[in-house]
Protein chains: 2
Amino acid sequence: MAKKPYHHGSLRPALLAGAMELLEQKGAPSLSLREAARMAGVSQTAPYRHFAGKEALLAALAARGFEELTRALDEVAATGNAAETLHATGRAYVDFALARPQLFRLMFGPEIRDKSVFPETLEAAQGAYSRLTAAVEAYLASRRIHVKTPRVPAVTAWSLVHGLASLLIDNQITDMEEDGKNRLIDAVTGFFVTGG
Amino acid sequence: MAKKPYHHGSLRPALLAGAMELLEQKGAPSLSLREAARMAGVSQTAPYRHFAGKEALLAALAARGFEELTRALDEVAATGNAAETLHATGRAYVDFALARPQLFRLMFGPEIRDKSVFPETLEAAQGAYSRLTAAVEAYLASRRIHVKTPRVPAVTAWSLVHGLASLLIDNQITDMEEDGKNRLIDAVTGFFVTGG
DNA sequence: GTTATAATGTAGGCGTCGTCAACAAACAGG
DNA sequence: CCTGTTTGTTGACGACGCCTACATTATAAC
């Protein structure tokens, strides 16, 4: 029986892993530093050696989330023509939110008050945003549409998929069987490329 | 000096008023029943005579929010042609979110786990949704577009404005002066009627 | 190797919160 | 007036974030 040593050895990753599990089970507000510490088998104040406070731990989780989202967007980035890629990007964004709703809420919600306080989180978020922008730009170029900056179309496309994802995970869209919901997601995420 | 009587007299509205103020200042998670009770000048457990718990109080606030949103949408419902009305409806939705971000977050966020537990809130939410649907339906009719149900276009329009509102109040869209932001909002909310 | 120093973990406590049980005051209908 | 119900109060429980003071271990300079 390995009795536990005074020092954990890799507490920071252990805390992040436990906290990520708690996050996905119960959401950020119900996640407690104390419970994450319990899962790692350390005292309730040990986490403060690795994170400035609860918000800093959440910010680290959010950064991981943005990295995973970025990866998911990259995976569909080279499929078919620009219109298809844009559609697939939107679909991947919504799929990510549906697969990990609590993480998604944390990434975009108010629990992390100012991302600029957490450079790692900010950078990871910008990485994900750049994938969206790239897909929109490529689409515009393929349609020979020229704009000074792609900001307005990028925000439009982002709003569309972000709004759909938010409404879905917050249970605002009800009374649909699974199949109809899938078609709905395809229709909405495709709206930007198919036009009105 | 009127010393306070044992019975407050109208505690329920007083609690709602105080809680609404706290909500808009600090957000739902930081709002405490105890502080609302303090503002009303009663003991910390008095609110339990009028609300089953914190969530029930929040649900009542959310219901008020949906009623105000409904009113705001009704105010722009009869302006100009159907396309203009739809655009104005979207703009009013975003304006509401910007004017009362914490209330907006509460209305659509996860603090109220299941609206069906709070019929007043559910009904108020459906009232607001019906205004959105009506505007979309009128627009489709004006363009002689026939659909079996307006669900897909309604959800599309809703996603667009809801996503934009969410991104704005969660500070995801930065580095813009006020003027540019206003044009951005006009462009995004108009996207549904102007087409891609 | 010994020893100073930094890193990492613990113990205990403060003030806050949501909620519950038990009790007290005021109102309302007979 | 008397009685039952409504509406308040008091006091407590467990959980939380976070703080200070202290203990243990790793690190590295000599």
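Modeller: One definition before the helix packing: axes are lines fitted to C-alpha atoms, for helices over the stretch in contact, and angles run from 0 to 180 degrees between N-to-C directions. Also, this is a predicted model.

Biologist: Fine. At what angle do helix α4 and helix α5 of chain B pack?
Modeller: About 110°. Helix α4 of chain B covers residues 82-99, and helix α5 of chain B covers residues 101-108. Their axes are 5 Å apart.

Biologist: Which residues of α4(B) and α5(B) meet?
Modeller: From α4(B), B:Tyr93, B:Phe96, B:Ala97, B:Leu98 and B:Ala99. From α5(B), B:Pro101, B:Leu103, B:Phe104, B:Met107 and B:Phe108. The residues of this contact of α4(B) with α5(B) are ten nonpolar, no polar and no charged.

Biologist: And how do α1 and α3 of chain B cross?
Modeller: At roughly 80°, with axes that come within 10 Å. Helix α1 of chain B is residues 11-26, and helix α3 of chain B is residues 54-75. That makes α1(B) roughly perpendicular to α3(B).

Biologist: Which residues are in the contact of α1(B) with α3(B)?
Modeller: B:Leu16, B:Ala19, B:Met20 and B:Leu23 come from α1(B). They meet B:Leu57, B:Ala60, B:Leu61 and B:Arg64 of α3(B). The contact of α1(B) with α3(B) divides into seven nonpolar residues, no polar and one charged.

Biologist: Switching to the DNA. How many residues surround DNA strand D?
Modeller: 26 residues. The closest are A:Arg34, A:Arg38, A:Thr45, B:Ser43 and B:Arg49. Of the atoms of DNA strand D that come within 4 Å of the protein, sugar and phosphate account for 51%.

Biologist: Which element gives the largest share of that surface near DNA strand D?
Modeller: Helix α2 of chain A, residues 33-40, with three residues. By type, the surface near DNA strand D has eight nonpolar, twelve polar and six charged residues.

Biologist: What does B:Ser43 approach on DNA strand D?
Modeller: A phosphate oxygen, 2.5 Å from a backbone N or O atom of B:Ser43.

Biologist: And which base atoms of DNA strand D are approached by side chains?
Modeller: Two cases here. A side-chain N or O atom of B:Gln44 is 3.3 Å from a base nitrogen of DNA strand D. A polar side-chain atom of B:Thr45 lies 2.8 Å from a base oxygen of DNA strand D.

Biologist: Now the copies. What rotation superposes chain B on chain A?
Modeller: A rotation of 180°, with 0.0 Å of shift along its axis and an RMSD of 0.0 Å. That is the relation of a two-fold axis. The same surface serves both copies, as 100% of the contact residues of chain B recur in chain A.

Biologist: Which residue of chain B comes closest to the rotation axis?
Modeller: B:Gly163, with its C-alpha at 1.7 Å.

Biologist: Last one. How many helices and strands are in chain A?
Modeller: Eight helices and zero strands. The C-alpha atoms of chain A fill a box of roughly 65 × 40 × 30 Å along the principal axes.

Methods: Residues numbered from 1 in each chain as written. Chains lettered and ligands numbered in written order. Predicted model: local features only at pLDDT ≥ 70, side-chain atom pairs only at ≥ 80, totals over all residues. Heavy atoms only, no water. Near = heavy atom within 4 Å. Polar contact = N/O pair within 3.5 Å; in protein donor to acceptor, adjacent residues only side chain to side chain. Helix = DSSP H or I, 4+ residues; strand = E, 2+ residues; numbered from the N terminus. Nonpolar A, V, L, I, M, F, W, Y, C, P; charged D, E, K, R; others polar. Contact = heavy atoms within 4.5 Å. Least-squares fit on C-alpha atoms with pLDDT ≥ 70 in both. Parallel < 35°, antiparallel > 145°, perpendicular 65-115°, else oblique.
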